[in-house]
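Student: Hi! Could you walk me through this model, one topic at a time?

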Amino acid sequence: MKILIQNYTSLLSTEPMYIAKSLELAEQEVFLWNDPNMSAFDVFDSFKPDVFLTHYHFLNQDAVKYLSQNKKIQCVLNISGITNEQLEKVTEVIEKEGINCPFVFTNAHQLLPKPKSSKIKVESILPGVDIFLPEQQFPDYDLDLGVIGLEMNKEIEDYVAETETYHLLKLTTSPEQDKNFDMPINIITMRSLYSKYKEIMIATGMNVIFSQVFYDAITHSKKVTFKIDKEEQPLLDQFLASTFMEEETEDLSSALKRQIKTRHTCVSRAARFCKFLKDSDTKLKLEKIKSNL
């Protein structure tokens, strides 16, 4: 099976990259479409895929036209962040153009509202830790605290006031320096920074905790804590209870790392993707790879 994946990597997700790498390990022929200047017609004509994966935001008119003329190609959309109204419009385009779309999927956790459609299958594929992200070169240091935030607030200021050494890390797609933070970061650069702090504090709200950032941070950090509004605390508790199995242990951090390794890696997510594609052979290969991690 030949799989074309458009690189829709975002501030909070490297899903297209890690699905591509996982499928390559399972001996699938994969092309990760990175160049935004390369036209859909050129990409499709040169690679001739059986499956095309992209985010619904990236599905442009040229891709729609090509898929409508080549109905053997299965088109799968990540619809994370979509509204029901937007899903209706996407579904209308798929039906009108006769696009072969076996299912769409969302990364939203089961605790969040799931988009609904009576005309197309909506599946769930949660984020997972990207085990393939390489470490980048950063100065060697070991500070007490690294605070991941989207914007500065008084709670963060009060918390770090009692900490001797810390960095304020702003999650952003912009490389420009924010005067309230020490450095801009994204999900790729953070891979190399987690281990440089005795504690990583995620002070962003549940929207980021529900994302891949959570799984990456737990896996690669020495200690992770959360600074959220009191109103969101019950949701965080429900998220942890529904995502992890309860264990009797004094080392909670190691238990969470172990469970993420066995149940929540990108290889597991790629296997689930293949399940919905009804590609049982590749799914089995990925499950074997997962068990050997």
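Tutor: Happy to; below we go through helices, cysteines, aromatic rings and a few backbone angles.

Student: What should I know about the model before we start?

Tutor: It is a predicted model, where local features need pLDDT of at least 70 and side-chain atom pairs count only at pLDDT 80 or more, while totals for chains, interfaces and linings use all residues. Residues are numbered from 1 along each chain as its sequence is written, and side-chain values use heavy atoms, with hydrogens and water left out.

Student: OK, helices. At what angle do the axes of H2 and H3 cross?

Tutor: Helix H2 (residues 40-47) and helix H3 (residues 61-69) cross at roughly 40°, and their axes come within 8 Å. Helices here are DSSP runs of H or I with at least four residues, strands are E runs of at least two, and both are numbered from the N terminus. The axes are lines fitted to C-alpha atoms, for helices over the stretch in contact, with angles from 0 to 180 degrees between N-to-C directions.

Student: So what do we call that arrangement of H2 and H3?

Tutor: H2 is oblique to H3. Under 35 degrees would count as roughly parallel, over 145 as roughly antiparallel and 65 to 115 as roughly perpendicular, with the rest oblique.

Student: Which residues make the contact?

Tutor: From H2 there are Ala 40, Phe 41, Phe 44 and Asp 45, and from H3 there are Asp 62, Ala 63, Lys 65, Tyr 66 and Leu 67. Contact means heavy atoms within 4.5 Å.

Student: New topic: how many disulfides does a search of the whole structure find?

Tutor: The search finds zero disulfides, a disulfide being a pair of cysteine sulfur atoms within 2.5 Å.

Student: Aromatics next. How many pairs are there?

Tutor: The count comes to 15 aromatic pairs. Rings of Phe, Tyr and Trp (its six-membered ring) pair if their centres lie within 6.5 Å; planes under 30 degrees apart count as stacked, over 60 as edge-to-face and the rest as tilted. Trp 33 and Phe 52 form a tilted pair, with centres 6.2 Å apart and planes at 40°. Trp 33 sits in strand E2 (residues 29-33) and Phe 52 in strand E3 (residues 51-55), 19 residues apart. Trp 33 and Phe 52 are buried.

Student: Which rings form a cluster?

Tutor: Ring pairs link Phe 210, Phe 214, Tyr 215, Phe 226, Phe 239 and Phe 244. Phe 214 and Tyr 215 are among the buried residues of H7, and in helix H7 (residues 212-220) seven of the nine residues are buried.

Student: What does Thr 243 touch?

Tutor: Leaving out residues up to four places away in sequence, Thr 243 touches His 109, Tyr 215, Arg 263 and His 264. Thr 243 lies in helix H8 (residues 233-243) and counts as buried at 3% relative accessibility.

Student: Last one: is Glu 27 buried or exposed?

Tutor: Glu 27 is exposed, at 63% relative accessibility. Glu 27 lies in the loop between helix H1 (15-25) and E2, and has a positive phi of about 65° although it is not a glycine.

Methods. Buried means under 20% relative accessible area, exposed over 50%, partly exposed in between (1.4 Å probe, protein chains only).
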